[in-house]
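Subject: Structure handover and notes

Dear colleague,

I am passing on the structure below, followed by notes on what was found in it. Please read the notes with the model open beside you.

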Amino acid sequence: MAGLNFGKKVWFDGKTIDFENAQVSILSHALHYGSCVFEGLRTYKTKKGSAIFRLEPHIRRLYESAKIYRMDIPLSQKEFCDKVCETVRANNFDACYVRPFVFRGLGDLGLNPLSSPIHVSIAVWEWGAYLGADSIEAGIDVKFSSWNRIAPNTFPAMAKAAGNYLHSQLMKMEAVLDGYAESIILDSHGMISEGSGENIFIIRDGKIYTPPMGASILLGITRDVVKVLARDMEIEVIEENIPREFLTIADEAFFTGTAAEITPIRSVDKIPIGNGKRGPITEKIQERFFRLVKGEEPDLFGWLKYL
């Protein structure tokens, strides 16, 4: 994250402190064994001021991830939401990315984490288009990863846990070193799962397809947003297992995620998807999404938390 503008204040274990004072032991359990869960949210600049997008669902997922890993967060979900708002306000960003982080600190250095204390932090920074400045309009080139997604009975894919992202790093590095922006991974049954940090949608004959929960995907908040918006626009959304070659013959495709927002996919393994440009349905959903998060249309779904 070299070059990012980090907020000067973070919330850490009950206090708002200076960024440089948010320090942990090099023997923290999380550092050695990945025993931490996290979230990513965006705060957008709107006509009514700054607003956090879908705050409560993100924090709910954070608590669900923590529950899966037997981590008790020492404040309620409402209190956590309040602390997120407090941290964003303390940094005076009109728009920013927000990173709530729950991790196990210095305790027993064996694999049993239960005696290690739970720490909670919230940090923010300014972050533009995750997959490149022109990616939202021009789209990106992707490849199928040589790796397979974790099987449902190995790691809990529904948990947004740091350890899962070692797997994503392998995908991402492979893609970048091969000259692509991103990878798409197949699940343990050979069906399309997701990107390294994004859910995927595929469009053919006016219908939108996306992998189901059983394809070892993270249940993305932006994924849910797209489903709601598409159905509101009377576009059919189908959740089902998707074979690899279906992407090759698709009319359009796009990634979704808090960081990636809605990013078109223009080619896979150097084969153009559709005409190799952002497609019309992708563009319509993008336009609706960005109008909503920027407060340019009524928030009919109650997704914006104004600060």
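A residue is called buried here when its relative accessible area is under 20%, exposed when it is over 50%, and partly exposed in between (1.4 Å probe, protein chains only). Helices (H or I, at least four residues) and strands (E, at least two) are DSSP runs, numbered from the N terminus. Please keep in mind that this is a predicted model, in which local features need pLDDT of at least 70 and side-chain atom pairs count only at pLDDT 80 or more, while totals for chains, interfaces and linings use all residues. Residues are numbered from 1 along each chain as its sequence is written, and side-chain values use heavy atoms, with hydrogens and water left out.

I begin with helix 5 (residues 164-177), which has 14 residues and reaches 21 Å from its first C-alpha to its last, close to the 20 Å expected at 1.5 Å a residue; the expected span is 1.5 Å times one less than the number of residues. Its buried residues are Asn164, His167, Ser168, Met171, Glu174 and Ala175. They lie on the same side of helix 5 because they cover an arc of only 125° around the axis, the arc being that of the directions from the helix axis to the C-beta atoms. Leu166 and Leu177, on the other side of helix 5, are exposed. In the loop between strand 9 (140-148) and helix 5 lies Gly163, which is partly exposed at 32% relative accessibility. Although Gly163 and Cys36 are 127 residues apart in sequence, they are 7.7 Å apart in space, C-alpha to C-alpha.

Helix 6 (residues 221-232) has twelve residues and reaches 17 Å from its first C-alpha to its last, close to the 16 Å expected. Its buried residues are Ile221, Thr222, Arg223, Val225, Val226, Lys227, Leu229 and Ala230. Just after helix 6, Glu234 takes a positive phi of about 65°.

Two further residues deserve mention for their backbone angles. Most residues other than glycine have a negative phi. Asp205, in the loop between strand 12 (199-204) and strand 13 (207-210), has a positive phi near 55°, and this residue is exposed at 62% relative accessibility. Asp269, in the loop between strand 16 (261-268) and strand 17 (271-272), has a positive phi near 50° and is partly exposed, with a relative accessible area of 29%.

Next come the aromatic rings. Rings of Phe, Tyr and Trp (its six-membered ring) pair if their centres lie within 6.5 Å, and planes under 30 degrees apart count as stacked, over 60 as edge-to-face and the rest as tilted. By this rule the count comes to 17 aromatic pairs. One of them, Phe6 with Trp125, is edge-to-face, at 5.8 Å centre to centre and 65° between the planes. This pair links distant parts of the chain, with Phe6 in strand 1 (residues 5-6) and Trp125 in strand 8 (residues 118-126), 119 residues apart. Phe6 is partly exposed at 30% relative accessibility, whereas Trp125 is buried at 5%. Phe12 and Phe103 form a stacked pair, 6.4 Å centre to centre with 15° between the planes, and this pair too links distant parts of the chain, from strand 2 (residues 9-12) to strand 7 (residues 96-104), 91 residues apart. Both Phe12 and Phe103 are buried.
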